[in-house]
Structure formats: C-alpha cells, structure tokens
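Reader: I'd like to learn how to read the spaces and the packing in a model like this one. Could you take me through it, general idea before the case at hand?

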Amino acid sequence: MNFKRLYIITFLIFFTFCAKAQNVKVSFGITGGGIATQMLTDPAPSSPMYIGGYGGAFVNVNPLKKLGVRIGANYTMQGGEYKMDRVPITLSQSYLNVPVSVMYHPKSFISLEAGFYQNVLLGSKLIEQGSSVVEVNPDDGALKYNIGILAGVSFNLSKSLFINLKYCYGLSYSYAIMGTGYKTNAITAGIGFNLIRNKTRAS
C-alpha cells in the first residue's frame, strides 16, 4: 500500500495555492536525531522502545506568513527487541522515510505540523541469540511499505536552527509474523538546519 494518489493530490492543491500567492518563501535544509519505535507485536517487546536514528533533508515552502508545507526524505533505523521461549530476538529495519506536513507558524519561535508519511524498506535483519547466534538477512517479516500520520512541534532557536519533536502513528502493517500483521509507532527528536533561504514572487 502506498500514498501515491494522496501525494499527487496534495501537491496539486498546494502548488495551485502557491500560484495565487504574492510571495513564496522557500528554504532547504538538513535534519537528524534519534527515533524511539514501538512495534505492536504479540508477544509484546521485551523493551518498550527500540532506540534508533534518522537523518535526511527537507524543503519548506511557505506561501503565507504563518502557513506552509514541509517535504522531507530521511534515512531511518528502527526495530524491536523480544523474547521467544526465553530466547532474545532483535529485529532491525532501515527505511527511506518520506514525510509531508502542513506547517503552522503561530509565533516566530514555534512551528506546529501535521501530515502523513510513507516508509519504503531498504534493509532488514533478524538476530536470534540462543545457544548460538542466528542471523536472518533479509528478514522476510519486514514489509516493503508502511504508512502513517504524524504530528509535531519545532522550536526555532534562530532563523537557521531548530529543534523538532514528532509523534508518528502507523496506519498500516510494518511487520508480519505467520500471517499476522503488526504496526509501528515512533517518537522522534532531532535538530534541523535551514541551509538555503529564498523568496520568490509567484506569477
């Protein structure tokens, strides 16, 4: 399952709106930080959160002073730790994460966001640490695509530097075991840098 149609519709509506705006502010930047994921499996994870990381780039397009859109592309590492019959098992996955958020800037020092994302699986593995270590790579339980919604807040320390906190709620399965699918939720905390800022006049 993917969000191709939703991406296309969102972009068409937004760029139509931008075409009517007098001035459009555009900025490009990079971001990175930590990600805590919870895979909702049965049995439950032995650790409530699996700590990973992410890094990537984004573009901000602001047709209005307080309203805009942020589109990103991130490399993320996430997974989970479990015990099956007292045998520790670690799952790890890497994804291309593509979030699209509507940004609201009520004040210069704070920005609120809400939107959706799609994860595309890049790699996966399972490590079973029993009497001997068994590694399965790739892990067939990890699904190729998963989607979800997100909400977050950014604290703008300057025009170029901000801190971002975000909660991501999985809508589709990210992992399947013996025909049963499971979803993943995540909390991210990171730092972003606006590297290039530009203002264009819409035609």
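Reader: How many nonpolar, polar and charged residues are in the lining of the largest cavity?

Author: Start with the classes: Ala, Val, Leu, Ile, Met, Phe, Trp, Tyr, Cys and Pro count as nonpolar, Asp, Glu, Lys and Arg as charged, and the others, Gly among them, as polar. Here the lining of the largest cavity has 10 nonpolar, 16 polar and three charged residues. Bear in mind that this is a predicted model, where local features need pLDDT of at least 70 and side-chain atom pairs pLDDT 80 or more, while totals for chains, interfaces and linings use all residues. Residues are numbered from 1 along each chain as its sequence is written, and side-chain values use heavy atoms, with hydrogens and water left out.

Reader: What separates a cavity from a pocket?

Author: Points are joined across faces, edges and corners, and a volume is the space filled by probe spheres set on them. In this model there is one cavity of 30 Å³ or more. The largest cavity holds about 380 Å³, and among its 29 lining residues, Asn74, Asn97, Pro99, Lys166 and Thr188 lie nearest the centre.

Reader: And the largest pocket, what lines it?

Author: That pocket has about 680 Å³ of space. Its lining counts 28 residues, with Asn62, Lys65, His105, Asn156 and Arg197 nearest the centre. By class, they divide into eight nonpolar, 12 polar and eight charged.

Reader: Which elements does the chain have, and in what order?

Author: Elements are DSSP runs numbered from the N terminus: helices are H or I of at least four residues, strands are E of at least two. The chain has one helix and 11 strands, running α-β-β-β-β-β-β-β-β-β-β-β from the N terminus on.

Reader: Is threonine 76 buried or exposed?

Author: Buried means under 20% relative accessible area, exposed over 50%, and partly exposed in between, with a 1.4 Å probe and protein chains only. Threonine 76, in strand 3, is buried because its relative accessible area is 5%. Contact means heavy atoms within 4.5 Å; leaving aside neighbours within four places in sequence, threonine 76 is in contact with Gly53, Tyr54, Gln93, Ser94, Tyr95 and Asn97.

Reader: How about isoleucine 110, and what does it touch?

Author: Isoleucine 110 is in strand 5 (residues 110–129) and counts as buried because its relative accessibility is 18%. Not counting residues up to four places away in sequence, isoleucine 110 touches Tyr104, His105, Val153, Ser154, Phe155 and Asn156.

Reader: Which residues make up the largest nonpolar core?

Author: In soluble globular proteins, nonpolar side chains tend to be buried together. A nonpolar core is a set of buried Ala, Val, Leu, Ile, Met, Phe, Trp, Tyr and Cys residues joined through side-chain atoms within 4.5 Å. The largest here has nine residues: Met39, Tyr82, Ile89, Leu91, Tyr95, Leu121, Leu126, Ala142 and Tyr175. Strand 4 (87–107) and strand 5 each give two or more residues to this core, and the largest share, three residues, comes from strand 4. A second, separate core of six residues includes Ile35, Tyr54, Cys168 and Ala186.

Technical notes
On a 1 Å grid over the protein atoms alone, a cavity is a set of points where a 1.4 Å probe fits but cannot get out, and a pocket is an open set with protein on both sides within 12 Å along at least five of seven lines; lining residues have an atom within 4 Å of a point.
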